[in-house]
Amino acid sequence: MELLSFIKNRVSIRNFSDEPVNLEALKRILEAGRLAPSAKNRQPWRFIVIREKELRSRVQNASFGQNHVGTAPVIIAACTTNVDYRMPNGQLSYPIDISFAVSSMMLQIEAEGLGSCVVTTFDEREMKDVLSIPYLMKVVMLLLVGHSQEKPLPTEKKAFDQVISFDHW
Ligand SMILES: Cc1cc2nc3c(=O)[nH]c(=O)nc-3n(C[C@H](O)[C@H](O)[C@H](O)COP(=O)(O)O)c2cc1C
């Protein structure tokens with residue numbers, strides 16, 4: 001399938017089935033994150049893969065009990081190993097670097113016929129405690145991976161002309 005078709009088909013999944021995620025597919029998904037671009041190629045990330053049920057349940061609790069967090073068979077905690085580096089434009093690099101990696105993984109997830117959802121609604125201090133994350137590191141977002149019970153309809157997006165202009169704002 002054409003890449004744009006995967007992008008068009010992707011939709012956040014919050015109704016995961018019990019079906020496990022194939023290990024080889026999971027490795028390809030993680031590989032897509034590992035190979036993502038980052039500012040100065042610093043690759044300031046660590047991806048913690050959580051599959052064990054009891055741990056997933058603790059991650060769910062740290063995510064204010066959200067059901068889809070606990071039902072996803074795989075949770076990837078996308079963490080940063082550097083919270084300080086700013087790019088020449090003054091912006092912090094880590095949220096952008098991690099977003100590129102997660103975005104690459106989301107496309108591979110789609111290509112594997114699986115579903116994903118980004119989750120940022122969690123108590124970071126509690127999450128760090130659950131995942132034994134060092135004091136100076138940060139959990140930036142969770143990426144839920146699994147098979148959807150039923151694929152939701154695509155969400156509405158702004159029109160091309162509303163968000164794109166050529167040459168000037
Ligand atoms: C930065 C970011 C944070 C998000 N946080 C959450 C979240 O905490 N919980 C959740 O269920 N979905 C979360 N999402 C998913 C968005 O709600 C979803 O991408 C958006 O509604 C558009 O729907 P779509 O992904 O189906 O296109 C997040 C997405 C992004 C990009």
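How many nonpolar, polar and charged residues does the shell around the ligand have, by class? The shell has four nonpolar, six polar and three charged residues. Here Ala, Val, Leu, Ile, Met, Phe, Trp, Tyr, Cys and Pro count as nonpolar, Asp, Glu, Lys and Arg as charged, and the others, Gly among them, as polar.

This is a predicted model: local features need pLDDT of at least 70, side-chain atom pairs count only at pLDDT 80 or more, and totals for chains, interfaces and linings use all residues. Residues are numbered from 1 along each chain as its sequence is written, and side-chain values use heavy atoms, with hydrogens and water left out.

**View 1. The shell around the ligand.** The ligand is surrounded by 13 residues (a heavy atom within 4 Å). Ser12, Val118, Thr121, Thr155 and Lys157 are the closest. Strand E3 (residues 115–119) gives the largest share, three residues. Strands are DSSP runs of E, at least two residues; helices are runs of H or I, at least four; both are numbered from the N terminus.

View 2. For threonine 155, it is 2.8 Å. The protein covers 62% of the 620 Å² of accessible area that the ligand has on its own (Shrake-Rupley method, 1.4 Å probe).

**View 3. Isoleucine 164.** Isoleucine 164 sits in the segment after helix H7 (160–163). Its relative accessibility is 34%, so isoleucine 164 counts as partly exposed (buried is under 20%, exposed over 50%, partly exposed in between; 1.4 Å probe, protein chains only).

How values were computed
A polar contact is a pair of N or O atoms within 3.5 Å; within protein, one must be able to donate a hydrogen and the other to accept it, and residues adjacent in sequence count only if both atoms are side-chain atoms.
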